[in-house]
Amino acid sequence: MSERTKSRVTVDLSGRAALVTGAGRGLGRAIAQSLAAAGAKVACVDIDADALAETVQTIENDGAQAEALTCDVTDSERVNEVVRQVVKQMGRLDILVNNAGITRDGIFMRMSDDQWDAVLAINLRGTFLFTRAVARPMVKARGGRIINVASVSGLMGNPGQANYSASKAGVIGLTRTVARELASRNITVNAVAPGFIATEMTAKLGEEVLSQVRGQIPLGRLGEPQDVADAVLYLASDAAGFITGHVLTIDGGLTA
Ligand code: NAP
């Protein structure tokens with residue numbers, strides 16, 4: 001099957017402003033492209049300036065609007081500065097997608113402090129920092145959508161991923177609590193939990209592992225970045241206004 005790069009979800013986000021972290025490649029790029037194609041102005045955030053420039057160029061080539069902001073999601077001061085800058089330039093911030101994430105896999109008994117700290121810092125602290133930074137402008141505007149990219153590893157154990165699994169379970173806990181805290185301000189907070197999606201992150205696993213993985217997925221294939229982007233588009237849309245604190249698995253039935 002050839003990879004889809006266009007959404008099949010029809011959503012109108014014109015006039016909205018969105019911020020996507022980890023937008024330099026993979027799922028973040030597909031999400032940023034889809035939000036922009038739906039009419040939103042998208043602030044693309046990533047640690048890698050060259051990758052970001054490519055994402056923005058692709059979006060602009062499609063006739064949509066985006067801007068690049070280089071930022072390490074673990075840097076509290078820079079995160080606050082980026083959010084302030086986006087609100088100032090775009091005049092609003094309606095949608096946040098916390099997507100930046102890494103893996104540093106290894107068997108638990110041999111896991112180093114650095115492996116643990118790096119994954120928790122980017123996946124969980126980064127999500128906390130951006131969520132806290134956007135909460136103020138969203139509360140002021142009395143509305144917003146926050147979508148966190150978790151993982152099925154946050155719902156079930158996965159040998160070799162103690163750090164990653166703990167970080168994504170943390171993202172799910174954060175999602176549910178912040179959903180309750182911000183609901184009275186009409187801000188919804190949800191998570192998507194992808195299974196195995198074809199990106200550079202999963203390519204690292206190698207073809208042998210991936211073919212075993214395919215055998216465990218009821219739908220018999222890896223997901224495409226667009227499968228995740230489509231779910232994010234829906235959660236960002238007005239149609240999802242009564243959904244909050246939810247975790248949507250996008251895994252071809254892996255956890256069914
Ligand atoms: P990816 O291809 O590795 O892309 C991740 C992006 O995040 C990269 O552009 C990376 O930049 C950026 N990033 C890393 N550290 C950062 C930091 N400190 N600050 C800002 N940006 C940073 O990964 P992906 O597969 O698209 O995954 C995206 C999200 O989906 C992650 O949260 C991941 O855990 C989750 N997820 C993925 C899958 C899957 O099967 N692919 C499944 C479940 C969940 P660099 O290139 O410079 O590192």
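A pocket is an open set of grid points with protein on both sides within 12 Å along at least five of seven lines, and its lining residues have an atom within 4 Å of a point. In this predicted model, the largest pocket is lined by 49 residues and holds about 1,200 Å³ of space. The protein has eight helices and seven strands. Its radius of gyration is 17 Å, close to the 18 Å that the globule rule gives for 256 residues, so the protein is as compact as a globular protein of that length.

**Overall form**

- The C-alpha trace spans about 50 × 40 × 35 Å along its principal axes.
- Of the 256 residues in the protein, 50% are buried.
- When contacts between residues at least 6 apart in sequence are taken, 72% of them join residues at least 24 apart.

**Largest pocket**

- Gly101, Ile102, Thr103, Tyr164 and Met201 are the lining residues that lie nearest the centre of the largest pocket.
- Five elements each supply at least two residues of this lining: helix H1 (26–37), strand E2 (41–46), helix H5 (162–182), helix H6 (200–203) and helix H7 (207–216).
- H7 provides the largest share of the lining, four residues.
- By class, the lining of the largest pocket consists of 23 nonpolar, 17 polar and nine charged residues.

**Second largest pocket**

- The second largest pocket has a volume of about 410 Å³ and a lining of 17 residues.
- Nearest the centre of the second largest pocket lie Val87, Ala133, Ala135, Arg136 and Pro137.
- Helix H3 (76–90) and helix H4 (113–141) each give at least two residues to its lining, and H4 gives the most, with seven residues.
- The lining of the second largest pocket divides into seven nonpolar, three polar and seven charged residues.

**Asn148, a strand residue**

- Asn148 belongs to strand E5, which covers residues 144–149.
- Asn148 counts as buried because its relative accessibility is 1%, where the cut-off for buried is under 20%.
- The side chain of Asn148 makes a polar contact of 2.8 Å with the side chain of Asn98.
- Beyond its neighbours within four places in sequence, Asn148 is in contact with Asn98, Thr127, Thr131, Val171, Thr175, Val189, Asn190, Ala191 and Val192.

**Gly223, a loop residue**

- Gly223 sits in the loop between H7 and helix H8 (225–236).
- The relative accessibility of Gly223 is 13%, so Gly223 counts as buried.
- Gly223 and Phe196 are 27 residues apart in sequence, and their C-alpha atoms are 6.1 Å apart in space.
- With neighbours within four places in sequence left aside, the contacts of Gly223 are Phe196, Ile197 and Ala198.

**Asn61, a helix residue**

- Asn61 is part of helix H2, residues 49–61.
- Asn61 has a relative accessible area of 59% and is therefore exposed, the cut-off for exposed being over 50%.
- From Asn61 to Arg142 the separation is 81 residues in sequence and 33 Å in space, C-alpha to C-alpha.

Conventions: Residues are numbered from 1 along each chain as its sequence is written. This is a predicted model: local features need pLDDT of at least 70, side-chain atom pairs count only at pLDDT 80 or more; totals for chains, interfaces and linings use all residues. Side-chain values use heavy atoms; hydrogens and water are left out. On a 1 Å grid over the protein atoms alone, a cavity is a set of points where a 1.4 Å probe fits but cannot get out, and a pocket is an open set with protein on both sides within 12 Å along at least five of seven lines; lining residues have an atom within 4 Å of a point. Grid points are joined across faces, edges and corners, and a volume is the space filled by probe spheres set on the points. Ala, Val, Leu, Ile, Met, Phe, Trp, Tyr, Cys and Pro count as nonpolar, Asp, Glu, Lys and Arg as charged, and the others, Gly among them, as polar. Buried means under 20% relative accessible area, exposed over 50%, partly exposed in between (1.4 Å probe, protein chains only). A polar contact is a pair of N or O atoms within 3.5 Å; within protein, one must be able to donate a hydrogen and the other to accept it, and residues adjacent in sequence count only if both atoms are side-chain atoms. Contact means heavy atoms within 4.5 Å. The radius of gyration is taken over C-alpha atoms; the globule rule is 2.2 Å times the number of residues to the power 0.38.
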